[in-house]
Amino acid sequence: MFGLVLYFLLAASAFAHGVAEGDKGYIQEITGVHVMPFIYLGAKHMMTGYDHLLFLFGVIFFLYKLRHVGLYVSLFAIGHSTTLLLGVFLDIGVSAYLIDAIIGLSVVYKALDNLGAFQRWFGVQPNTKVATLVFGLFHGFGLATKIKEFEVSSDGLLANLIAFNVGVEIGQLLALSAILILMSYWRRTSSFLRHAYTANVAMMSAGFLLIGYQLTGLFVAQ
């Protein structure tokens, strides 16, 4: 089980989520309102958005009650839904490399939070609810930069963006359900407490790799 988690964590920094050429070509050719295709694309985008899922994995790592999971996931959803819609609809220009580097930073932050590093180093515990909402806003800008790569037609843009966002939430729920099932199984084994520290260190390492990869792309692109 731990090996699967470790593989998932390290794969996150290497692949992240991008725009498939087939999807991009299809979106560039259509105009008007297309609800179901955009719902599908939103769900697919989140299911393959390993950086977003990695952050969610960190958020729920030590959450045992469904109401707590629901609260934090809702805060994350509010954050990324807001900036996803505003970022694309208002055409807010943000460097995709910079945003993805911040998303990597959010993964590092959550891993350190899970390890209790802030309490040990600074004697304070950041408000995890506020942090989840704030990083959700940055994750939404990340989604916005990706959907702008689709070069979506302005005809039916708002309806299609809402459909895409609905798809993102569906994909998030599906991915989260799978993660929770695996986590529930893992938590019932003796290896969970033995490897919780290592899993979060691996998650932090993946976040640093993602930061380095994106910053390198930012400097090369300039």
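Biologist: Which charged end sits over the ring of Y64?
Modeller: That of R187, which lies 4.4 Å from the centre of the Y64 ring. Please note that this is a predicted model.

Biologist: How many aromatic pairs does a search of the whole structure find?
Modeller: The search returns 11 aromatic pairs. One of them joins F57 and F61, with 5.5 Å from centre to centre and 80° between the planes, an edge-to-face arrangement.

Biologist: What about F61 and F62, stacked or edge-to-face?
Modeller: F61 and F62 are edge-to-face, because their planes stand at 80° and an angle over 60 degrees counts as such. The ring centres of F61 and F62 are 4.8 Å apart.

Biologist: Is F61 buried or exposed?
Modeller: F61 is buried, its relative accessible area being 0%. F57 also counts as buried, at 4% relative accessibility.

Biologist: And how does F62 count?
Modeller: F62 counts as partly exposed, because its relative accessibility is 34%, which falls between the 20% and 50% limits.

Biologist: Which residues form the aromatic cluster?
Modeller: One cluster is made up of F55, F76, Y109, F118 and F135.

Biologist: Changing topic, where is G212?
Modeller: G212 belongs to helix α10, which covers residues 191-221.

Biologist: Is G212 buried or partly exposed?
Modeller: G212 is partly exposed, with 34% relative accessible area.

Biologist: What separates the C-alpha atoms of G212 and A101?
Modeller: A distance of 7.5 Å separates these C-alpha atoms, while G212 and A101 are 111 residues apart along the chain.

Technical notes. Residues are numbered from 1 along each chain as its sequence is written. This is a predicted model: local features need pLDDT of at least 70, side-chain atom pairs count only at pLDDT 80 or more; totals for chains, interfaces and linings use all residues. Side-chain values use heavy atoms; hydrogens and water are left out. Helices (H or I, at least four residues) and strands (E, at least two) are DSSP runs, numbered from the N terminus. Buried means under 20% relative accessible area, exposed over 50%, partly exposed in between (1.4 Å probe, protein chains only). Rings of Phe, Tyr and Trp (its six-membered ring) pair if their centres lie within 6.5 Å; planes under 30 degrees apart count as stacked, over 60 as edge-to-face and the rest as tilted. A charge sits over a ring if NZ of Lys or CZ of Arg is within 6 Å of the ring centre and within 35 degrees of the ring normal.
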